[in-house]
Amino acid sequence: MGKAAVAKAFEDINAALAVLNAEVEGCGSEPFSDADPLAGLGDGCLDILAGVRVAEAGIAGLKARAAVTYADTAQAIAGPDTPVQALEMSVAAEIGALLTLGSRAAGAFLAASHTVAKERPLTLSALQAGTITWQHALAVVEETAGLDPAGAAALEAQFLAPDVPRPATAAQVGELPAYRFRAKARKWRERHHPESIEKRHAKCAADRRMEYTPDRDGMARVSLYVPADQASAIWNRTTAIARGLQSPDEPRTITQLRPDIAASLLLGAGTALHPGPETSTGQSSAGQASTEQSSTGQCDPAAGRPGETYAGAALGTVPAPKADVLVTVPVLALFGITEEPANLDGYGPIPASMARRLVANGATSFYRVLVDPRDGAPLEIGRTSYRVTKAMRNWLRLRDGKCSFPGCSNSSLDNEADHLLAWHKGGTTGISNLGQPCPKHHKLRHTTGWTPTPATKNEPPGWTSPTGRHYKSEHQDWEPPHWPAQLQSATGNPPDFVYLGLSPGEEALEWFLHAPPA
């Protein structure tokens, strides 16, 4: 055993890789399909990709355990008198040299491996089973950082423990891209963190700042670290202005328009600033006359710099956009009875005080939403006409939060309501038959064989690819609101609802308005 067993294991792995490579090239011992060899080869390659994903996860778990075990053996060999910092540097240097990592990357890998292998047993088990990737494991490590052991274990169990009840239609953690899982874990962390989000937000708000970072090729980055409601409003406003400037004569994409608009607004320009080289005729490549210097001979910031041009309509001619931002806040938090977080569309949990401030300031785009007090989900509405009303669009934004295509994070502000089962095929204009794909995946649905599928009693909602494979959509993690002790019954449970022959939303509102005092 020992080294011989390790060598033999890697020989077997290399032999298996040789077999798989031959299959990918279509040179296997037999075709994937005799009836349609080409389609069979394509489907076989998808099977190989699925298997590689599982194998990579298992290898990542093995890699983490091997690194941690090596660190433990190095510490045991060095003895208790060896300086800890020197030993850690030596171990990180060895791992870094072996894996061709820089010292900082090697240290980060060792720290994450230690957390996974020694403190997150469910994460390690899922990694070894191939149900999550190393990136999912890193998300667990990062989102549990700063929590006490009980809180970290609770977060890990919420997403990875097999006995935790979950909706039948919910995609498992490993079926979501790691960055989407990170967002879900962060949202749960904010709701269950032992320290109030109000206190943590107050501390972080004191660190707000603007940062400037030079980059290559004459470019640079400017970033803001500001409260979430401000950042969301800035993003949505620039997006709305960009949409207003788009036209058949506007060559820039919305991604290019956003920074041009932000720069124009900050520099005091009246139109969407468009940098471009001047041509021999004194005009820019966009066909616009270059800007002139002011009478003082200095470059006027509001007029731009030599070589800059103004392309597109003047900002002053674009109607002032109304960038609706949905904020879902528990009704008890809205009235200051509890301090549980609200939810900002496209961002996630925010302090209840931030949501209350939006209401107090009369924000016209702020929507107060009644949620089911039993599970926290927004209550469904429906219509019988083909036309999707504005109220229904807002409900779709609340329900989905983003594009429903697996892995897409395009926020609901950019998306279009669409019937899952087409209207002309008998589909209704109800919430259960509506989705909100982003423009990219809306086009994918109508120009390729990809098809969105609604949830059934046995199957989750998602998308079916042209190969017939079904991929689950992300499921919102609704949780029951926090009920303060004075509003709970003698059994410690939230008050029971009395059936009044009303809709669920009206019933909830009726109870709230007429409940007897505690």
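Because the model is predicted, local features are reported at pLDDT of at least 70 and side-chain atom pairs at pLDDT 80 or more, while totals for chains, interfaces and linings use all residues. Residues are numbered from 1 along each chain as its sequence is written, and side-chain values use heavy atoms, with hydrogens and water left out.

The protein chain contains 16 helices and 12 strands, where helices (H or I, at least four residues) and strands (E, at least two) are DSSP runs numbered from the N terminus. Of its 518 residues, 36% count as buried; buried means under 20% relative accessible area, exposed over 50%, and partly exposed in between, with a 1.4 Å probe and protein chains only. Among contacts between residues at least 6 apart in sequence, 56% join residues at least 24 apart, a contact being heavy atoms within 4.5 Å.

Helix α8 (residues 178-192) packs with helix α6 (residues 134-144) at an angle of about 20°, their axes lying 9 Å apart. The axes are lines fitted to C-alpha atoms, for helices over the stretch in contact, and the angles run from 0 to 180 degrees between N-to-C directions. α6 and α8 are therefore roughly parallel to each other, since angles under 35 degrees count as roughly parallel, over 145 as roughly antiparallel, 65 to 115 as roughly perpendicular and the rest as oblique. Their crossing is right-handed, which is the case when the near helix is turned clockwise from the far one by less than a right angle, anticlockwise being left-handed. In this contact Q135, H136, L138, A139, V140, E142 and E143 of α6 meet A178, F181, R182, A185, R186 and R189 of α8. These residues divide into six nonpolar, two polar and five charged, with Ala, Val, Leu, Ile, Met, Phe, Trp, Tyr, Cys and Pro counted as nonpolar, Asp, Glu, Lys and Arg as charged, and the others, Gly among them, as polar.

Helix α7 (residues 149-160) also meets α8, and the axes of α7 and α8 come within 11 Å and cross at roughly 130°, which makes α7 oblique to α8. G151, A154, L155, Q158 and F159 of α7 make the contact with F181, K184, A185, W188 and R189 of α8, and the residues involved divide into six nonpolar, two polar and two charged.

In helix α9 (residues 197-205), the buried residues are I197, E198, R200 and A205. They cover an arc of only 165° around the axis, which puts them on the same side of α9; the arc is that of the directions from the helix axis to the C-beta atoms. On the other side of α9, K199 and K203 are exposed.

Some single residues complete the tour. A333, in helix α12 (residues 331-334), counts as buried because its relative accessibility is 0%. Leaving aside its neighbours within four places in sequence, A333 is in contact with T338, E340, A352 and R356. W235, in helix α10 (residues 228-245), is partly exposed, with a relative accessible area of 44%.

T100 lies in the loop between α3 (84-99) and α4 (103-119); its phi is near 55°, a positive value in a residue other than glycine. D217, in the loop between β1 (209-214) and β2 (220-225), has a positive phi near 60°. T100 counts as exposed at 70% relative accessibility, and D217 counts as exposed at 75%.
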